[in-house]
Amino acid sequence: MKRSVALAAALLAGLTSIGSIPGTAFADGGGPGYHDDRKGGDYHHGDEGAVFVQTNKAEGNTIKVYDRDEDGRLTKAGEYETGGLGGFTIGAPLDALASQGSLTYHRGLLFAVNAGSNTVTVFGVEGTKLHKLQVIWSGGLLPVSVAARGDLVYVLNAGGEGSVQGFELHKGRLSRIEDANRSLGLHNGNPPAFGTAPAQVKIDPDSEFVLVSTKAANVMFSYEIGRHGKLSRNPVISDAGNTPFGFTFDTDDSLLVTESGANAVSRFELEDDGALDQIGPSVPNGQQATCWIQRVGDYFFVANAGSSTISSYRVNDDGKLEIVKNVAADTNGGSIDMTTSDGFLYVQNATAGNVQGYKVHEDGSLNLVTTVEGLPKFADGIGMEGIAAS
């Protein structure tokens, strides 16, 4: 296992626990039979659902809702205000929040970050209708990613030192866990530069660790989850390749991580102590700005923002990560975050201002089935970011 020992020491020296809430903080898949923990069940072709897109508008963040039919096609179904403001990182080339998971669906609830007002909005989801249940302080500056599993929710804040804040979920409302705020010690400004902002927070399938990818620091943090969602005082810090960005689990104890600096994907084993051990070499795809990753059935799709393409990967029968297609789809629009619903892959294209939906075939090939236009295009440093599905 490789470790950034010197970097870990420097980061740990700056770790603090943030305990008080300021008085006013505002100025922020599956193929057939594939188990998906968004609802804790199995998904099968033929069901209808919804796709949610976060506009991240600076003057007022909203969520656009689209009805999905059984063929994967999307139709407009409404737009809902979050009660917060959209935000941005400095110098972002086309992805304003520079993150994965800024909009998260979990057990009939939708969690949206309001990066410009340092809050998180909780919506109840009823088909294609949203009901605003709560707007709560994120526990830090510039929230960019949300992870939810069971009755625990963790928010990643990218501004300043960066931080993770834990919440307990009860009857559709979040309550802050007092001993679950941890600084990342990144010493950024607010807003941070897109390259130095942390990218994603996620809970492992066994709910033992909260993991955070850091991009420019080239490491991932693993915080052990204690009783009532409390986080370990200090994380385990592991090397995670060249500019780790998005990640997802392929088994309970192994995960795939995009390396946006190397335009590659790596596979890691999550050890019992939270450390990451790389399994085999990184697998490049020959594209540009490989940042987001989404699993659909046996395949893993990554969005390459710089080349406006989608690449596909899989873990073969020998447990080795391999590329299936360097270019599984050419989106022509600055591909960023993705989601999946009932065997379809939905891609958010920031510069085109649209969302494309693809049917995923048994061999991992993609067939474009729908495109919805009229979403905010990335311009002047800000644009839409965040997509989720029921």
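**Cores, a sheet and salt bridges**

Me: Which residues does Tyr154 touch, leaving out those up to four places away in sequence?
Reply: Contact means heavy atoms within 4.5 Å. Residues up to four places away in sequence are not counted. On that basis Tyr154 touches Ser145, Val146, Ala147, Val164, Gln165, Gly166, Val201, Ile203, Val210, Ile225, Gly229 and Leu231.

Me: What pLDDT do side-chain atom pairs need to count in this predicted model?
Reply: Residues are numbered from 1 along each chain as its sequence is written, and side-chain values use heavy atoms, with hydrogens and water left out. The model is predicted, totals for chains, interfaces and linings use all residues, local features need pLDDT of at least 70, and side-chain atom pairs count only at pLDDT 80 or more.

Me: In the largest nonpolar core, which residues touch the most other members?
Reply: A nonpolar core is a set of buried Ala, Val, Leu, Ile, Met, Phe, Trp, Tyr and Cys residues joined through side-chain atoms within 4.5 Å. Here buried means under 20% relative accessible area, exposed over 50%, and partly exposed in between (1.4 Å probe, protein chains only). Of the 39 residues in the largest core, those touching the most other members are Phe111, Tyr154 and Val210.

Me: Which strand gives the largest share of this core?
Reply: Strands (E, at least two residues) and helices (H or I, at least four) are DSSP runs, numbered from the N terminus. The largest share of the core is 5 residues, and they come from residues 152-157, strand β11.

Me: How many residues are in the second, separate core?
Reply: Ala92, Trp292, Tyr299 and Tyr358 are among its members. The size of this second core is 24 residues.

Me: What percentage of the protein chain counts as buried?
Reply: The protein chain has 1 helix and 31 strands. Of its 390 residues, the part that counts as buried is 60%.

Me: In what order do the 4 strands of the open sheet lie?
Reply: Two strands pair if DSSP finds at least two bridges between them. The pairing in this sheet is antiparallel, and the order is β5-β4-β3-β31.

Me: Which are the edge strands?
Reply: An edge strand here pairs on one side only.

Me: Which residue in β31 stands opposite Val51?
Reply: Strand β3 (residues 49-54) and β31 run antiparallel and are joined by 3 bridges. Opposite Val51 stands Ala389.

Me: How far apart in sequence are the parts that Glu79 and Lys57 tie together?
Reply: A salt bridge is a side-chain nitrogen of Lys or Arg within 4 Å of a carboxyl oxygen of Asp or Glu, and Glu79 forms one with Lys57, the closest N and O atoms being 3.4 Å apart. Glu79 lies in strand β5 and Lys57 in the loop between β3 and β4 (62-68), so the pair joins parts separated in sequence by 22 residues.

Me: Which residues are linked in a network of salt bridges?
Reply: The side chains of Arg73 and Asp71 meet in a salt bridge (3.1 Å, N to O). Arg73 counts as partly exposed at 42% relative accessibility, and Asp71 does at 39%. The network links Asp69, Asp71 and Arg73.

Me: Is Arg176 buried or exposed?
Reply: Glu178 forms a salt bridge with Arg176, the closest N and O atoms being 3.1 Å apart. Glu178 counts as exposed at 54% relative accessibility. Arg176, with a relative accessible area of 14%, is buried.
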